[in-house]
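Take the points one at a time and find each residue as you go.

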Amino acid sequence: PNAVFNLAYERGTGPMAAWREHLGLTQAEVAVRVGITQAAYAQMERVKQPRKSTLEKVARALGLEVEQLRW
């Protein structure tokens, strides 16, 4: 949705962070869903071109399609 794109634009974040915030989740909550630490998840959000496997794990954790995390 536009709200996610606008959030990413306003805060200068990528799609992973924007979707997470849009869904009202913390990095720690998503990290638990993915099975990693909060610090590891924070690094994942900062990567400009995440691996496909990373996108798949995060998409599954957020209940999204991988394409929604690619811009």
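1. Before anything else, keep in mind that this is a predicted model. When you look at helix packing, there are two things to ask about: packed helices are described by the angle between their axes and by the distance between those axes.

2. Start with helix α1 (residues 2-11) and helix α2 (residues 15-22). Their axes are 9 Å apart, and the angle between them is about 120 degrees. Angles of 65 to 115 degrees count as roughly perpendicular, and this pair is therefore called oblique instead. As for handedness, α1 passes α2 in a right-handed crossing.

3. Who actually touches whom here? On the α1 side, look for Ala3, Val4, Leu7, Ala8 and Arg11; on the α2 side, the partners are Ala18, Trp19, Glu21 and His22. Sorted by class, this contact of α1 with α2 has six nonpolar residues, one polar and two charged.

4. Next, helix α3 (residues 27-34) and its packing against α4. The angle is about 100 degrees, and the axes are 8 Å apart. That angle makes α3 roughly perpendicular to α4. From α3, the contact uses Gln27, Ala28, Val30 and Ala31, while α4 brings Gln38, Tyr41, Ala42 and Glu45. Five of the residues in this contact are nonpolar, two are polar and one is charged.

5. Helix α3 also packs against helix α5 (residues 52-62). Here the axes come within 9 Å and cross at roughly 110 degrees, so α3 is roughly perpendicular to α5. Val30, Arg33 and Val34 of α3 meet Lys57, Val58, Ala61 and Leu62 of α5. This contact of α3 with α5 has five nonpolar residues, no polar ones and two charged ones. Notice Val30: this residue is in the α3 contact with α4 and in the α3 contact with α5.

6. Now for the largest pocket. How much space lies in it? About 330 Å³. Its lining is made by 18 residues, and the ones nearest its centre are Gly14, Pro15, Lys48, Leu69 and Trp71.

7. The largest share, three residues, comes from α1. By class, the lining of the largest pocket splits into 10 nonpolar, four polar and four charged residues.

Key:
Residues numbered from 1 in each chain as written. Predicted model: local features only at pLDDT ≥ 70, side-chain atom pairs only at ≥ 80, totals over all residues. Heavy atoms only, no water. Axes fitted to C-alpha atoms, helices over the stretch in contact; angles between N-to-C directions. Helix = DSSP H or I, 4+ residues; strand = E, 2+ residues; numbered from the N terminus. Parallel < 35°, antiparallel > 145°, perpendicular 65-115°, else oblique. Left-handed = near helix turned anticlockwise from the far one by under 90°. Contact = heavy atoms within 4.5 Å. Nonpolar A, V, L, I, M, F, W, Y, C, P; charged D, E, K, R; others polar. 1 Å grid on protein atoms, 1.4 Å probe; cavity = no way out; pocket = protein on both sides within 12 Å on 5 of 7 lines; lining within 4 Å. Points joined across faces, edges and corners; volume = space filled by probe spheres on them.
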